[in-house]
Amino acid sequence: QFEGDEIINSSKLILAPGQGAILVYEGKINGVLFEAGTYNLKTDNHPFITTLSKVRQLFKSEHKLSIYFYRSAKILAQDWGTPSRIKYIDPVYNFPIQLGMYGSFGYEISNSDYFFTNIIGSLEGFTTEEMNDLIITKIPSFITQFIAQQKLSYIDIDSHLMDISIQLQEILRLEFSNLGLNIIDFKILGSNFDEATQKEIAKLSSVIGDMNIAKTVGLSYIELEKLRAMRDAAKNEGLAGAGIQMGVGMELGKNILNQ
């Protein structure tokens with residue numbers, strides 16, 4: 001932010017490529033400058049400079065005249081990750097899922113008037129990090145809504161990352177267009193489950209594997225479980241019998257020694 005009481009007739013306004021400037025007087029936007037270059041406050045006939053000069057003539061110490069510089073170029077390759085796990089019930093297997101995701105995104109200021117009005121307001125400045133935080137906080141709820149609407153099971157997540165990315169970029173684009181931003185190049189690069197979810201997945205995989213085995217040998221899953229129960233019982237009986245025989249042998253040994 002550049003304050004009005006520092007602006008004099010000999011001042012030059014310099015805009016670098018990929019930079020814009022907003023003239024704000026008494027909290028209202030009076031002009032926007034988009035083109036890179038050097039502007040002489042006293043002589044240049046650009047509408048922005050003309051507006052600035054007129055406002056300066058009315059300038060009083062109790063009023064605020066400010067020039068906000070902002071980045072008009074695209075801001076790319078910004079990392080994001082879900083700050084906490086996304087929680088939902090698997091729509092197919094009906095057990096709780098805790099999902100984490102991470103990726104990258106980019107954005108640009110598409111409407112500087114909207115951006116200043118809805119985001120900057122009375123702030124003296126707004127950093128890229130603050131903008132990133134604002135965007136990232138919105139992502140988990142949109143992912144949760146999308147998964148619920150599409151009824152995606154845990155097994156479908158990784159195979160649909162590109163589809164989810166495309167859909168979420170459109171959702172985010174619509175959400176932030178009202179703030180003067182255009183969300184671009186949104187990507188989900190990977191996903192992961194918490195330890196509890198991984199254990200549930202391992203259990204489910206084991207059951208599914210057993211069901212496939214049963215199907216292969218022409219049995220139902222219940223019949224396979226009965227066979228396993230009988231096998232385990234037979235093993236236990238064998239161990240119990242061995243224990244009895246060993247006990248008898250030890251008792252016999254005692255008797256012989258006592259004789």
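Guide: One term to start with: two strands pair if DSSP finds at least two bridges between them. Keep in mind that this is a predicted model.

Visitor: OK. How many bridges join β3 to β4?
Guide: Strand β3 (residues 19–25) and strand β4 (residues 28–33) are joined by 5 bridges. The two strands run antiparallel.

Visitor: Which residue does Y25 stand opposite?
Guide: Y25 faces K28 in β4.

Visitor: And how many residues sit between β3 and β4?
Guide: There are 2 residues between them, and the strands form a hairpin. E26 is in the turn, with a positive phi of about 55°.

Visitor: Where else is phi positive?
Guide: A77 is one case, with phi near 55°, and this residue is not a glycine. A77 belongs to strand β7 (residues 75–81). K151 also has a positive phi of about 55°, again without being a glycine. K151 sits in the loop between α4 (139–150) and α5.

Visitor: Is A77 buried or exposed?
Guide: A77 is exposed, because its relative accessible area is 60% and the cut-off for exposed is over 50%. K151 counts as exposed too, at 60% relative accessibility.

Visitor: Back to strands. Which strand is joined to β2?
Guide: Strand β5 (residues 37–40) is joined to β2 by 4 bridges. They run antiparallel. K12 stands opposite N40 in β5.

Visitor: Which residues of β2 are on its covered face?
Guide: L13 and L15 are on the covered face of β2, residues 12–15. K12 and I14 are on the uncovered face.

Visitor: New topic: pockets. How much space lies in the largest pocket?
Guide: The largest pocket holds about 330 Å³ of space. Its lining has 19 residues. F69, Y70, R71, F115 and F126 lie nearest the centre.

Visitor: Which element gives the most to that lining?
Guide: β6 gives the most, with 4 residues. β6 (65–71), β9, α2 (112–120) and α3 (128–136) each supply at least two lining residues.

Visitor: What about charges? How many salt bridges are there?
Guide: The count comes to 5 salt bridges. Side chains of opposite charge can pair when their charged atoms come close.

Visitor: How far apart are the closest N and O atoms of R173 and E170?
Guide: They are 2.7 Å apart, and the two residues form a salt bridge. R173 and E170 are 3 residues apart in helix α5 (residues 161–177), so about one helical turn separates them.

Visitor: Which helix holds K199 and E195?
Guide: Both lie in helix α6 (residues 195–216). They are 4 residues apart, about one turn of the helix. K199 forms a salt bridge with E195, and the closest N and O atoms are 3.8 Å apart. E195 is exposed, with a relative accessible area of 57%.

Visitor: Which residue does K203 meet in a salt bridge?
Guide: K203 meets E200, at 3.9 Å from N to O. Both are in helix α6, 3 residues apart, about one turn of the helix. K203 is exposed at 52% relative accessible area, whereas E200 is partly exposed at 30%.

Visitor: Now the surface. Which residues make the nonpolar patch of about 340 Å²?
Guide: V92, Y93, I155 and I208 make that patch.

Visitor: Where is V92 found?
Guide: V92 is in the loop between β8 (86–89) and β9 (96–109). V92 is exposed, with a relative accessible area of 52%.

Visitor: What about D90, buried or exposed?
Guide: D90 is buried, because its relative accessibility is 1% and buried means under 20%. D90 is found in the loop between β8 and β9.

Visitor: How far is the C-alpha atom of D90 from that of Y154?
Guide: The two C-alpha atoms are separated by 6.6 Å. Along the chain, D90 and Y154 are 64 residues apart.

Notes:
Residues numbered from 1 in each chain as written. Predicted model: local features only at pLDDT ≥ 70, side-chain atom pairs only at ≥ 80, totals over all residues. Heavy atoms only, no water. Patch = residues over 30% accessible without salt bridge, like charges linked within 9 Å, V, L, I, M, F, W, Y side chains within 5 Å. Areas by Shrake-Rupley, 256 points an atom, 1.4 Å probe, with all protein chains shown as cover. Salt bridge = Lys/Arg side-chain N within 4 Å of Asp/Glu carboxyl O. Buried < 20%, exposed > 50% of the residue type's maximum accessible area, 1.4 Å probe, protein only. 1 Å grid on protein atoms, 1.4 Å probe; cavity = no way out; pocket = protein on both sides within 12 Å on 5 of 7 lines; lining within 4 Å. Points joined across faces, edges and corners; volume = space filled by probe spheres on them.
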